[in-house]
Amino acid sequence: MSRSAAWWSGAVAALYPIGTLAAEAVPSPLGPGNLLQVVLGLGVVLALLLGGALVMKRIGRLPGLTDQAIKTIAAASVGTRERVVLLEVADSWILIGVAPGQVRALATLPKGELPAAAGATTPPAPFAQLLQRFADRRHAP
């Protein structure tokens, strides 16, 4: 070590008494204050993500914002992995069959109205009523 370096290190040591350097404690990064700050910060970030997702979900369903050229009119499952889907494109309906790995156009029809289903006249029972009926049957003597 050169003389000037030794002199500077001695001057710096004279400016900071040894007791002052030893008394300075480094705060623990796992202290309760730091952990609370991390947990609250994480909560704020998750709340912002959830709020943004809900806003985007609502905006996506507003009419007029999503002008789609293709609309799904109806769909029915005809097998475990096969479906028949009725699509509206411009002024026509296209009936397509969807299976794993393939999609085929089955028919092209002029745009029309869907007939009302035969069982659609009576509204379905609310879930609470169905559950109550099931529970009553189960506990009946």
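Me: Glu88 is found in strand β2. What kind of model is this?
Reply: Residues are numbered from 1 along each chain as its sequence is written. Side-chain values use heavy atoms, with hydrogens and water left out; local features need pLDDT of at least 70, side-chain atom pairs count only at pLDDT 80 or more, and totals for chains, interfaces and linings use all residues, for the model is predicted.

Me: Which residue stands opposite Glu88 across the β1 and β2 pairing?
Reply: β1 and β2 form a hairpin with five residues between them. They pair in the antiparallel sense over seven bridges. Opposite Glu88 in β2 stands Lys71.

Me: Is Glu88 buried or exposed?
Reply: Buried means under 20% relative accessible area, exposed over 50%, partly exposed in between (1.4 Å probe, protein chains only). Glu88 has a relative accessible area of 14%. Glu88 therefore counts as buried.

Me: Which residue forms a salt bridge with Glu88?
Reply: A salt bridge is a side-chain nitrogen of Lys or Arg within 4 Å of a carboxyl oxygen of Asp or Glu. A search of the whole structure finds one. The closest N and O atoms of this pair are 3.0 Å apart, and the partner of Glu88 is Lys111.

Me: How many residues apart in sequence are the parts that this pair ties together?
Reply: Lys111 lies in the loop between β4 and α4 (127–139). Glu88 lies in strand β2, so the pair ties together parts whose separation is 23 residues.

Me: Is Lys111 buried, partly exposed or exposed?
Reply: Lys111 has 46% relative accessibility. Lys111 therefore counts as partly exposed.

Me: How far apart in space are Leu87 and Ala75?
Reply: Leu87 is placed in strand β2. At 15% relative accessibility, Leu87 counts as buried. Leu87 and Ala75 are twelve residues apart in sequence, and their C-alpha to C-alpha distance is 8.8 Å.

Me: Which residue in β3 is the bridge partner of Val84?
Reply: Strand β2 (residues 83–89) and strand β3 (residues 92–99) run antiparallel. Seven bridges join them. The partner of Val84 is Gly97.

Me: Where is Ala90 placed?
Reply: Phi of Ala90 is near 55°, a positive value in a residue other than glycine. Most residues other than glycine have a negative phi. At 58% relative accessibility, Ala90 counts as exposed. Its place is in the loop between β2 and β3.

Me: Which residue in β4 is the bridge partner of Gly97?
Reply: β3 and β4 run antiparallel, joined by eight bridges. They form a hairpin with two residues between them, and Gly101 in the turn has a positive phi of about 85°. The partner of Gly97 is Arg104.

Me: How many residues of β4 are buried?
Reply: β4 has nine residues and is hardly covered. The count of buried residues among them is zero.

Me: What accessible area do Leu42, Val45, Leu46 and Leu49 have together?
Reply: These residues form a nonpolar patch on the surface; patches are made of residues with over 30% relative accessible area and no salt bridge, like charges being joined within 9 Å and nonpolar side chains (Val, Leu, Ile, Met, Phe, Trp, Tyr) within 5 Å. Val45 is placed in helix α3 (residues 32–60) and counts as partly exposed at 44% relative accessibility. Accessible areas come from the Shrake-Rupley method with a 1.4 Å probe, and for residues only the protein chains shown count as cover. Together the area is about 400 Å².

Conventions: Pairing = 2+ DSSP bridges. Helix = DSSP H or I, 4+ residues; strand = E, 2+ residues; numbered from the N terminus.
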